[in-house]
2 protein chains.
Amino acid sequence: MRNVFDYQQIIADSIVNFTEKNGSGTLYTPVNYILSLGGKRLRPALLLMANDLFDGDLDEAINCALAVEFFHNFTLLHDDIMDSAPIRRGSPTVHEKWGVNEAILSGDVLMVQAVQLMTQCPDRVLRDVLEVFHVTAVEVCEGQQMDMDFEKRSDVSIEEYIRMIELKTSVLLAGALKIGALIGGASKEDADLIYEFGRNLGISFQIMDDILDVYGDQNKFGKQEGGDIIENKKTYLMLNALELATGSDKDRLAEWIEKDNFEAVEKVTEVKKIYNSLDVRNHSESVMNKYYEEAMSNLKALSLSESRKAPLYSFSEQLFRRES
Amino acid sequence: MRNVFDYQQIIADSIVNFTEKNGSGTLYTPVNYILSLGGKRLRPALLLMANDLFDGDLDEAINCALAVEFFHNFTLLHDDIMDSAPIRRGSPTVHEKWGVNEAILSGDVLMVQAVQLMTQCPDRVLRDVLEVFHVTAVEVCEGQQMDMDFEKRSDVSIEEYIRMIELKTSVLLAGALKIGALIGGASKEDADLIYEFGRNLGISFQIMDDILDVYGDQNKFGKQEGGDIIENKKTYLMLNALELATGSDKDRLAEWIEKDNFEAVEKVTEVKKIYNSLDVRNHSESVMNKYYEEAMSNLKALSLSESRKAPLYSFSEQLFRRES
């Protein structure tokens with residue numbers, strides 16, 4: 001069985017083939033640009049791995065893998081407009097480079113190309129695959145909406161936060177795995193289990209991302225320490241702190257959230273002190289681990305030999321070895 | 001056989017059913033809003049008419065009719081952002097009412113709901129229907145891109161203009177007809193002919209729209225006379241005038257196009273004089289008629305009795321009776 005790097009290479013090559021066919025017109029140049037920025041190609045790699053797990057044919061799954069990657073890039077393209085983000089994967093975002101109108105329209109055509117690619121799967125699973133894909137696509141939009149709504153709210157619960165990251169991040173990982181499994185010929189039970197594996201792994205992964213923002217090795221992680229704290233982002237850690245804080249911790253946290261003028265480093269240091277006094281890191285890690293363990297037991301329950309599942313175990317481990 | 005008004009009523013009722021299920025969250029309120037603004041529902045009505053023409057079952061076609069209408073509204077929603085349009089069908093546009101971010105995201109989910117609805121067609125035509133729909137959807141994006149590109153260009157040819165309106169307007173009418181015919185059980189030949197009928201009718205219709213902007217009865221047409229002239233829009237008439245004008249006509253036309261400060265009524269009157277001296281109305285009407293006649297001969301070539309086609313003949317006539 002191939003490993004994740006093999007899949008990433010196959011996907012990269014297929015994307016180059018596709019973008020060459022797109023040509024260089026005004027509409028497709030930004031499409032080709034965002035697709036060329038790379039990224040980890042996790043979603044299509046997972047789709048191909050799931051397909052392989054059930055002895056599926058790579059040729060039958062590759063277009064659906066591209067579809068998932070195209071859909072993901074479509075959401076990035078439009079999310080970057082909504083977030084006014086200047087940079088994506090170290091390069092200027094599409095709306096920075098070509099303007100908002102171009103970014104909207106190129107995103108739209110990329111979305112259409114995604115659904116077009118997704119239909120290129122075998123007849124025997126066409127309806128099931130499209131059903132998973134469309135439900136997932138709607139959910140991803142709903143997740144982005146929740147995320148935008150949260151920015152304007154001060155009463156977001158941890159339960160709502162988990163639901164938001166589930167929709168915004170996890171369901172696409174889960175959907176990719178399920179689609180790959182369906183094409184590979186998995187039973188309904190196994191397809192549902194691998195979906196649950198992806199859903200739990202994705203939630204766990206997003207909580208790790210929140211933890212790493214504050215406690216990660218910034219040299220290796222490559223982001224500004226405490227970026228989420230500086231921006232008052234409602235992360236798992238922040239919501240957990242807001243829930244736990246009482247007395248002076250509560251007052252100081254509220255003060256830092258409301259402050260408009262501050263030294264970034266000072267804010268991060270002070271908020272981190274509050275997190276530490278509330279043991280927020282441990283709480284977050286234990287929830288992260290809970291979802292990770294759930295994912296592992298989903299994987300374990302699949303009706304295949306454990307050795308066959310090795311690539312997915314090893315993929316999961318690698319994913320969580322980012323901080324070291 | 002039902003007439004166009006019957007179909008419009010069926011579609012209106014189905015849309016109400018659908019939007020009730022969408023509920024009233026932040027994401028779906030703008031979706032339901034744009035769908036509730038009405039409009040002529042031409043595209044879904046044509047889909048149902050084509051289906052009926054070949055003795056198809058309404059229940060098998062209604063979701064695809066909605067899909068076409070949803071897709072059309074998705075393009076309107078995003079086009080309105082790109083055009084900074086404040087008003088759509090007499091009401092504030094979505095981005096005016098809820099902001100650009102909301103309009104982008106609600107458009108996105110509307111697009112997903114469109115593709116989701118389109119898959120609800122019978123298995124026997126699923127692949128063919130999706131193929132037509134996705135190709136059409138890509139083409140509509142390409143048409144919008146050409147339209148945006150044209151704004152920045154001064155050398156647009158009439159041939160390019162026809163191609164642009166074909167992509168931006170006609171192919172969706174054509175695609176709707178073809179999808180309806182396929183669901184109704186039409187042969188490949190008939191499905192292609194009805195597509196051509198829609199394509200030619202759509203081009204003809206758009207040229208009529210250009211003519212009516214300048215020569216229509218504004219009381220009945222309900223728009224500002226010469227709105228396209230005021231905005232220097234590259235319509236069929238303007239491109240035709242630019243092609244034909246020589247000497248002082250050419251200089252005056254160029255002057256009016258370049259002028260930044262002008263009285264709207266004066267500009268319209270003066271440009272209209274140039275159009276008249278170049279016989280632009282007649283030229284445009286003869287091209288409009290050429291496409292209309294093409295459409296009629298496509299309709300005539302369908303392998304059905306002429307009496308069976310009566311609703312489509314009468315629909316076409318009504319469409320072109322807008323100015324009287």
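This is a predicted model: local features need pLDDT of at least 70, side-chain atom pairs count only at pLDDT 80 or more; totals for chains, interfaces and linings use all residues.
## The nonpolar core

Let's start inside the protein. The largest nonpolar core has 199 residues, and A:Cys64 and B:Cys64 are the ones with the most contacts inside it.

Setting aside neighbours within four places in sequence, A:Cys64 is in contact with A:Leu47, A:Leu117, A:Met118, A:Cys121, A:Val129, A:Ile179 and A:Ile183.

## A closer look at A:Phe70

Next comes a residue of helix H4 of chain A, which spans residues 58-82: A:Phe70. A:Phe70 counts as buried because 24 C-beta neighbours lie inside 10 Å, and the cut-off for a buried residue is 20 or more.

Which residues does A:Phe70 touch, not counting those up to four places away in sequence? They are A:Leu110, A:Gln113, A:Ala114 and A:Leu117. A:Leu117 is also among the contacts of A:Cys64. As for A:Met111, 41 residues separate it from A:Phe70 in sequence, while their C-alpha atoms are 6.9 Å apart in space.

## Where the chains meet

Now for the contact between the chains: chain A and chain B put in 26 residues each. On the side of chain B that touches chain A, helix H4 (58-82), helix H6 (100-118) and helix H7 (126-151) of chain B each supply at least two residues. H7(B) gives the largest share of that side, with 11 residues.

What is the make-up of this side of chain B by class? There are 15 nonpolar, 8 polar and 3 charged residues on the side of chain B that touches chain A.

Conventions:
Residues are numbered from 1 along each chain as its sequence is written. Chains are lettered from A and ligands numbered from 1 in the order in which they are written. A nonpolar core is a set of buried Ala, Val, Leu, Ile, Met, Phe, Trp, Tyr and Cys residues joined through C-beta atoms within 7 Å. A residue is buried if 20 or more other C-beta atoms lie within 10 Å of its own, exposed if 12 or fewer, and partly exposed in between; C-beta atoms are placed from the backbone. Two residues are in contact if their C-beta atoms, placed from the backbone, lie within 7 Å. Helices (H or I, at least four residues) and strands (E, at least two) are DSSP runs, numbered from the N terminus. Ala, Val, Leu, Ile, Met, Phe, Trp, Tyr, Cys and Pro count as nonpolar, Asp, Glu, Lys and Arg as charged, and the others, Gly among them, as polar.
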